[in-house]
Amino acid sequence: MPFDHIHKFTEINQFHDVAQGGLKSKHDDVHVFRFGDISSNVIKDMPLFRTSFYQIGLMRQARFKMSVYENEYKLNNQYALIFFKPGQLIRFGSDPDWDGYVIHFKTNFLNIQSDNEAAIKRFFILDPTKESFLFIQESDFKELAEIYEKMIYEYNKPLISSLPLIELYLQILFYKVDEIYTQRNNQSESLYTRKELISFRYKQLVNEKLRETKTITDYAEMLFVTPKYLIEALNKTSGISPKDYINEKLISETKTLLRFTDKS
């Protein structure tokens with residue numbers, strides 16, 4: 001399969017090494033830093049890649065471009081939040097004058113899913129079906145920057161006991177971003193049914209596991225449901241079958257490879 005030729009970063013420091021930005025995470029599961037910490041030697045155009053972890057970038061008055069699958073996003077001296085989500089096909093161009101903050105974190109850094117199955121779905125940041133760019137106002141930037149500064153303060157402590165505090169601040173960041181997103185899109189919070197949760201988790205798994213399996217039975221087993229229940233859940237909540245969702249992702253990846261590589 002041609003998808004095997006795209007680099008997948010499973011570790012945060014693998015990403016840093018290839019990006020050549022002079023950064024090094026001291027923790028396996030999380031790294032928070034300022035864009036100003038990135039070396040001028042950073043790769044100017046990062047070719048297509050995937051990660052198995054998340055990134056949330058907070059950018060101020062940046063000139064930046066990024067593609068997620070075939071969708072392109074551009075910043076021209078604007079404020080924005082930028083997200084990498086596990087399994088997505090991404091490329092970007094660096095900005096030598098970028099300013100703001102970044103946090104990388106793995107899913108297992110979060111305790112919210114084990115505490116509350118519905119919690120992970122409620123956050124815009126974690127949803128693979130939501131946009132990877134969110135334009136914000138200067139006032140939003142200032143409020144979110146305070147949270148990043150607190151995370152950086154805890155991150156730079158020599159004690160590993162500071163990690164739970166970083167996770168708490170990260171969850172506050174999730175809530176604040178959700179607040180911005182719902183205000184921008186005139187959406188309201190809602191409670192989720194079992195089928196909505198299964199549908200959401202299925203889409204997450206397809207993003208992460210598509211290169212490993214395309215079999216509905218495999219995904220149903222991962223979700224501890226029957227294939228019939230999975231089909232019912234997707235049809236009811238998304239109006240699409242699990243197989244059609246997989247095909248849509250494959251087509252999107254193929255379009256991306258045709259556009260951004262020399263593959264025939």
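Is Arg50 buried or exposed? Arg50 is buried, with a relative accessible area of 2%; buried means under 20%, exposed over 50% and partly exposed in between (1.4 Å probe, protein chains only). This is a predicted model: local features need pLDDT of at least 70, side-chain atom pairs count only at pLDDT 80 or more, and totals for chains, interfaces and linings use all residues. Residues are numbered from 1 along each chain as its sequence is written, and side-chain values use heavy atoms, leaving out hydrogens and water.

**Strand E3**
- Arg50 sits in strand E3; strands (E, at least two residues) and helices (H or I, at least four) are DSSP runs, numbered from the N terminus.
- E3 pairs with E1 (residues 7-9) in the parallel sense over 3 bridges; pairing takes at least two DSSP bridges between two strands.
- Lys8 has Arg50 as its bridge partner in E3.
- E3 and E6 (residues 90-93) run antiparallel, joined by 3 bridges.

**Salt bridges**
- The whole structure holds 14 salt bridges, each a side-chain nitrogen of Lys or Arg within 4 Å of a carboxyl oxygen of Asp or Glu.
- One of them joins Glu11 to Lys106, with the closest N and O atoms 2.7 Å apart.
- Glu11 lies in the loop between E1 and helix H1 (12-19), and Lys106 in the loop between strand E7 (100-105) and helix H2 (112-115), so the pair ties together parts 95 residues apart in sequence.
- Glu11, Asp29 and Lys106 form a salt-bridge network.
- Lys106 is buried at 12% relative accessible area, while Glu11 is partly exposed at 32%.
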